[in-house]
Amino acid sequence: MARVGSMDAAYFVGRRELLEWLNSTLALKLRKVEETANGAVACQLMDCIAPGTVALSRVNFDARSEYDMINNYKLLQAAFQKAGVDKPIEVNKLVRAKYQDNLEFMQWFKALYDSRNPVDGYDPTAARKQRPAPAAKPPKPRKQPARHPKKHSAANSGTLPPPPPPPLPSGQQHTRKQQQQKTRRQEPPPDEEDLEALEAERDFYFNKLRDIERFLQSRDRALSADVLADRVFAILYEKRRDDPPPTDALSPVPEALDDESGTSPLAESGTLL
């Protein structure tokens with residue numbers, strides 16, 4: 001096969017003319033030279049120039065990944081060896097889809113194509129259909145039903161479970177519901193003394209919080225932290241007025257705690273500390 005020199009006329013073919021040649025020769029619709037970067041076009045050109053050198057059934061015409069592109073160029077390199085074509089393929093440059101690299105490679109292929117008579121009546125569309133049929137998927141294994149351990153029945157243990165109680169007649173069921181409702185109505189109401197004791201307990205501790213609030217609002221700013229803590233603890237541990245005074249009582253809350261209104265701003269707003 002004739003060698004293609006660097007000064008061959010094909011290297012001076014423009015982009016538009018080159019695309020028209022590729023589309024008419026291989027029945028394609030290429031719009032850019034970069035679309036030849038995956039190596040599939042070059043493989044089919046080689047099949048047109050030297051039939052039988054390329055296994056088109058193994059060419060991935062839809063190659064997008066670099067791995068698939070490299071596989072196409074491996075098939076092309078093997079075809080060059082079969083046809084005696086001495087042409088190194090710069091795969092690393094071509095797969096990057098750079099315009100100049102792929103343009104020069106397709107120009108070289110046109111010079112190779114023009115250097116010898118291609119196959120008469122070559123049908124590129126039929127040649128591309130020589131793709132292998134997809135392998136049939138093996139049938140999915142049928143799922144075996146899960147085997148559950150047998151429950152230990154009462155028959156195996158030699159004893160039978162007690163039978164369920166027989167349902168009551170409808171009349172007796174209605175009578176039982178009436179007795180239950182009557183029992184609920186006869187329950188005594190809550191003891192008023194207990195409610196009063198709970199309310200008194202609540203008011204007692206609420207008043208402590210109110211006293212602490214009023215004291216903090218009207219306290220002397222010069223009081224030390226220790227004195228302030230003592231006054232607060234005195235309020236917290238103050239007994240009820242009707243309780244006997246403790247022997248170790250702390251200093252009482254100053255009278256300045258009570259204001260004229262006797263009402264805490266927080267108590268009025270419903271907010272505690």
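1. Helix 1 (residues 15-26) packs against helix 2 (residues 40-49) at an angle of about 60°, their axes lying 11 Å apart. Helices here are DSSP runs of H or I with at least four residues, strands are E runs of at least two, and both are numbered from the N terminus. Axes are lines fitted to C-alpha atoms, for helices over the stretch in contact, and angles run from 0 to 180 degrees between N-to-C directions. The contact (heavy atoms within 4.5 Å) is made by Trp-21, Leu-22, Thr-25 and Leu-26 of helix 1 and by Val-41, Gln-44 and Leu-45 of helix 2. Helix 1 and helix 2 are therefore oblique to each other; angles under 35 degrees count as roughly parallel, over 145 as roughly antiparallel, 65 to 115 as roughly perpendicular and the rest as oblique. Their crossing is left-handed, meaning that the near helix is turned anticlockwise from the far one by less than a right angle, with clockwise being right-handed.

2. A word on the model itself. This is a predicted model, in which local features need pLDDT of at least 70 and side-chain atom pairs count only at pLDDT 80 or more, while totals for chains, interfaces and linings use all residues. Residues are numbered from 1 along each chain as its sequence is written, and side-chain values use heavy atoms, with hydrogens and water left out.

3. On to the next pair. Helix 2 and helix 3 (residues 66-83) cross at roughly 25°, and their axes come within 9 Å. Helix 2 and helix 3 are therefore roughly parallel to each other. On the helix 2 side, the contact is made by Ala-40, Ala-42, Cys-43 and Met-46; helix 3 contributes Asn-72, Leu-75, Leu-76, Ala-79, Phe-80 and Ala-83. Helix 2 passes helix 3 in a left-handed crossing.

4. Stepping back to the whole chain, the protein has eleven helices and zero strands. Of its 273 residues, 26% count as buried; buried means under 20% relative accessible area, exposed over 50% and partly exposed in between, with a 1.4 Å probe and protein chains only. Among contacts between residues at least 6 apart in sequence, 63% join residues at least 24 apart.

5. The structure holds four salt bridges, each a side-chain nitrogen of Lys or Arg within 4 Å of a carboxyl oxygen of Asp or Glu. One of them joins Lys-110 to Asp-114, with the closest N and O atoms 2.9 Å apart. Lys-110 is buried at 12% relative accessible area, whereas Asp-114 is partly exposed at 48%.

6. Helix 9 (residues 192-218) deserves a look of its own. In helix 9, Arg-214 and Asp-211 are three residues apart, about one helical turn, and they form a salt bridge whose closest N and O atoms are 2.9 Å apart. Arg-214 is buried, with a relative accessible area of 7%. Other buried residues of helix 9 include Phe-204, Lys-208, Ile-212, Glu-213 and Phe-215. Another salt bridge links Asp-203 and Arg-202 (3.2 Å, N to O); Asp-203 is partly exposed at 35%, and Arg-202 is exposed at 54%.

7. A check on helix 9 geometry: its 27 residues should span 39 Å at 1.5 Å a residue, and the end C-alpha atoms are 39 Å apart, which agrees. The expected span is 1.5 Å times one less than the number of residues.
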